Amino acid sequence: VLATPPVVPIRKPAPGMSASEVWERCQPATEGHPYALRKKLCDETLSRMRVVANTDQLTHYRGCLAVPGYGANGTLQTIEFVAPDGIKRTLKDTSKAGAMFTVGPDTGPVTLVEGVGAADAVFASTGGRAVSTFGCGNTRKVVEALRQKEPSERITIAPDRGQEAKARDIAAEFNCTVACIPECETDNTDLNDIFCRDGFDVVQALVESATEPPK
């Protein structure tokens, strides 16, 4: 019998370093941020994000976009920092397990993607609710939380290229649909890449092509 590995508790944040304290110190995000420009982020997405001030005590994250990660109960759980060059890091001593970032409506059919750029692309193209799960490793926890809260809502998982098998397994377990990026695309291509290259209509068509995986 394999021994169950011990659960390592999340350490208590240092004074002034909890997610809520850091978030309150951040400044409004603007369309001029290099990452926002490159990803063509819309105003709706930027309004839900912030930027770490150039004088903040988080010296390594100054100038980074701050993306809030909320739990299913609406509590601010963590913050993802996105540097101008796109490098992403999570606020120390916080957990992103089950955390999500929503763009667009707070109710209705939802499309789950990995990154904030892909969530922006889905909302900009469809007008529907889009949720970033902060990586494919967190998708199952987010789907599980959403299913408990909204048992009959339509949930579509739109994985980055190369993560289709994991997405189909989760979808089969929780009665979701899956929207796959064409196999001709390179690994790690996401819906924001498609959006920036091909525009609204192609992303909308991809989301609408979602199908149920084999049971």
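Colleague: Hi! How many salt bridges does the structure hold?
Modeller: There are 9 salt bridges, where a salt bridge is a side-chain nitrogen of Lys or Arg within 4 Å of a carboxyl oxygen of Asp or Glu. Keep in mind that this is a predicted model, in which local features need pLDDT of at least 70, side-chain atom pairs count only at pLDDT 80 or more, and totals for chains, interfaces and linings use all residues. Residues are numbered from 1 along each chain as its sequence is written, and side-chain values use heavy atoms, with hydrogens and water left out.

Colleague: Thanks. Which residue forms a salt bridge with Asp106?
Modeller: That is Arg48, with the closest N and O atoms 3.7 Å apart. The pair links distant parts of the chain, 58 residues apart: Asp106 sits in the loop between β6 (101–103) and β7 (110–113), and Arg48 in the loop between α3 (43–46) and β2. Helices (H or I, at least four residues) and strands (E, at least two) are DSSP runs, numbered from the N terminus.

Colleague: And is Asp106 buried or exposed?
Modeller: Asp106 is exposed at 57% relative accessibility, while Arg48 is partly exposed at 25%. The cut-offs are under 20% relative accessible area for buried and over 50% for exposed, with partly exposed in between (1.4 Å probe, protein chains only).

Colleague: What about Glu150 and Arg129, how do their side chains meet?
Modeller: They form a salt bridge at 2.7 Å, N to O. Glu150 lies in the loop between α5 (139–149) and β9 (155–157) and Arg129 in strand β8 (residues 129–132), so this pair ties together parts 21 residues apart in sequence. Glu150 counts as buried at 18% relative accessibility, and Arg129 is buried too, at 4%.

Colleague: Switching to helices: at what angle do the axes of α5 and α6 cross?
Modeller: Roughly 20 degrees, and the axes of α5 and helix α6 (residues 164–174) come within 10 Å. Axes here are lines fitted to C-alpha atoms, for helices over the stretch in contact, and angles run from 0 to 180 degrees between N-to-C directions. The two helices are therefore roughly parallel, a label for angles under 35 degrees.

Colleague: Which residues of α5 and α6 meet?
Modeller: From α5, Thr139, Arg140, Val143, Glu144 and Arg147 meet Ile170, Glu173 and Phe174 of α6, contact being heavy atoms within 4.5 Å. The buried residues of α5 include Val142 and Leu146, and their cover includes β7, β8, β9 and α6.

Colleague: Now the open sheet. What is its strand order?
Modeller: It runs β1-β2-β3-β4-β5, with antiparallel pairing; two strands pair if DSSP finds at least two bridges between them. β1 (27–28) and β5 (88–90) stand at the edges with a single partner strand each, so one side of each has no neighbour in the sheet.

Colleague: How many bridges join β3 to β4?
Modeller: There are 6, and Leu65 stands opposite Val82 in β4. β3 and β4 form a hairpin with 5 residues between them, and Gly74 in the turn has a positive phi of about 90 degrees.

Colleague: Where does β4 stand on burial, and how many of its residues are buried?
Modeller: 6 of the 7 residues of strand β4 (residues 76–82) are buried, so β4 is largely enclosed by the rest of the structure. β4 also pairs with β5 over 3 bridges, and in their hairpin Gly86 takes a positive phi near 95 degrees.

How values were computed. Parallel < 35°, antiparallel > 145°, perpendicular 65-115°, else oblique.
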